[in-house]
Amino acid sequence: MIPIHKNLNGRVAVVTGGSGVLCSEMARELSRQGMKIAILNRTASKGESVANSIIEAGGQALALPVDVLDRASLEQAKQQILEKFGQIDLLVNGAGGNHPDAITAPETYDEKAAGQSFFDLDERGFSSVFSLNFTGTFLACQVFGQELLKSESPAIINLSSMSAYAPLTKIPAYSAAKASINNFTQWLAVHFAETGLRVNAIAPGFFLTDQNRDLLMDKDGNPTARTKKILEATPMNKFGEPENLLGALLFLADESYSSFVTGTTMAVDGGFMAYSGV
């Protein structure tokens, strides 16, 4: 059982993409720590399901349908959060994802290969993926940042990826967007360093989620060739579980542990980044 972080009790966390596999687990853990949770995501019913699970467990939660690429939508959500909870102390930027139009079929170029090649990628799909992952984070930081500056111990935690460091094959838009998250995390951390607002990121290794399931599992639920390559490159030889991210989350959220930590991206990857392949 993860210990209780008393500093977090009574504070308010905003979690974008809060109905996803990873961020819903984060939201539930932050609630267990005594935080009041605002779940923001595009589909109202999915957000409400997570919020209800938190409420049923004795916590306080609010679910709001929000488009992170729409400033007015974010502003409206901010006002509703302030009306209900009165403050904002932590922002977790988990909204993101990929799109079929921004994924190549072969890992490397082969003019004879079947399926979508690099030259077939749709510009709108590429732009959509980049915007959702990067611009959505940027806008959320802008909209909620001014309220965060009013908090005694404010923090932003962005969600990065292994593909931010060395781009994974097949997903150029997603990889580029996550690389920008690392860079933006550093920039924002420096920009707000003297205010007390800490800005960090978590880079999960390989976890099975709704977004990547089609790449990692076939229609029968068996691991794909890509999955086998991933596990061979992960020294722990397994996928991560959502709860594996919670220690990093709480470390970065609680200033009693990380008051002098800002501008860093913490990998939680089973050794993937440490392994040379030999």
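**Close-up views of a predicted model**

View 1. At a relative accessibility of 53%, Pro3 counts as exposed, because the cut-off for exposed residues is over 50%. When residues up to four places away in sequence are not counted, Pro3 touches Arg32 and Gln33. Between Pro3 and Asp269 there are 22 Å in space, C-alpha to C-alpha, for a separation of 266 residues in sequence.

**View 2. Helix α1 and the glycine that follows.** Helix α1 comprises twelve residues, 21-32, and its first and last C-alpha atoms lie 17 Å apart, close to the 16 Å expected at 1.5 Å a residue. After α1 comes Gly34, with a positive phi near 100°.

**View 3. The largest cavity.** One cavity of 30 Å³ or more is found when the whole structure is searched, and the largest cavity holds about 40 Å³ of space. Its lining is formed by Leu8, Arg11, Met35, Asp89, Leu90, Ser153, Ala155 and Ala253. Sorted by class, five of these lining residues are nonpolar, one is polar and two are charged.

**View 4. Gly145 in helix α4.** Gly145 is placed in helix α4, where its relative accessible area of 7% makes it buried, because that value is under 20%. From Gly145 to Ile88 the C-alpha distance is 9.0 Å, although the two are 57 residues apart in sequence.

View 5. Ser163 is found in the loop that runs between β5 (155-159) and α5 (172-191), and with 1% relative accessibility it counts as buried. The Ser163 side chain makes a polar contact of 2.9 Å with the side chain of Ser161. Apart from neighbours within four places in sequence, Ser163 is in contact with Leu168, Tyr174, Ser175 and Lys178; of these, Tyr174, Ser175 and Lys178 are among the buried residues of α5. Lys170 lies in the loop between β5 and α5 and is likewise buried, with a relative accessible area of 18%. Although Lys170 is not a glycine, its phi is positive, at about 80°.

**View 6. Helix α5 and the elements that cover it.** The 20 residues of α5 should span 28 Å at 1.5 Å a residue, and the helix agrees with this, since its end C-alpha atoms are 28 Å apart. The buried residues of α5 are Ala173, Tyr174, Ser175, Ala177, Lys178, Ser180, Ile181, Asn182, Phe184, Thr185, Leu188 and Ala189. The cover over these buried residues includes α4 (123-148), β5, β6 (198-204) and β7 (265-268).

**View 7. Asn237, in the loop between α7 and α8.** Asn237 lies in the loop that connects α7 (225-232) with α8 (246-253). Its phi is positive, about 55°, although the residue is not a glycine. With a relative accessible area of 53%, Asn237 is exposed.

Definitions and conventions:
Residues numbered from 1 in each chain as written. Predicted model: local features only at pLDDT ≥ 70, side-chain atom pairs only at ≥ 80, totals over all residues. Heavy atoms only, no water. 1 Å grid on protein atoms, 1.4 Å probe; cavity = no way out; pocket = protein on both sides within 12 Å on 5 of 7 lines; lining within 4 Å. Points joined across faces, edges and corners; volume = space filled by probe spheres on them. Nonpolar A, V, L, I, M, F, W, Y, C, P; charged D, E, K, R; others polar. Helix = DSSP H or I, 4+ residues; strand = E, 2+ residues; numbered from the N terminus. Buried < 20%, exposed > 50% of the residue type's maximum accessible area, 1.4 Å probe, protein only. Polar contact = N/O pair within 3.5 Å; in protein donor to acceptor, adjacent residues only side chain to side chain. Contact = heavy atoms within 4.5 Å. Expected span 1.5 Å × (residues − 1).
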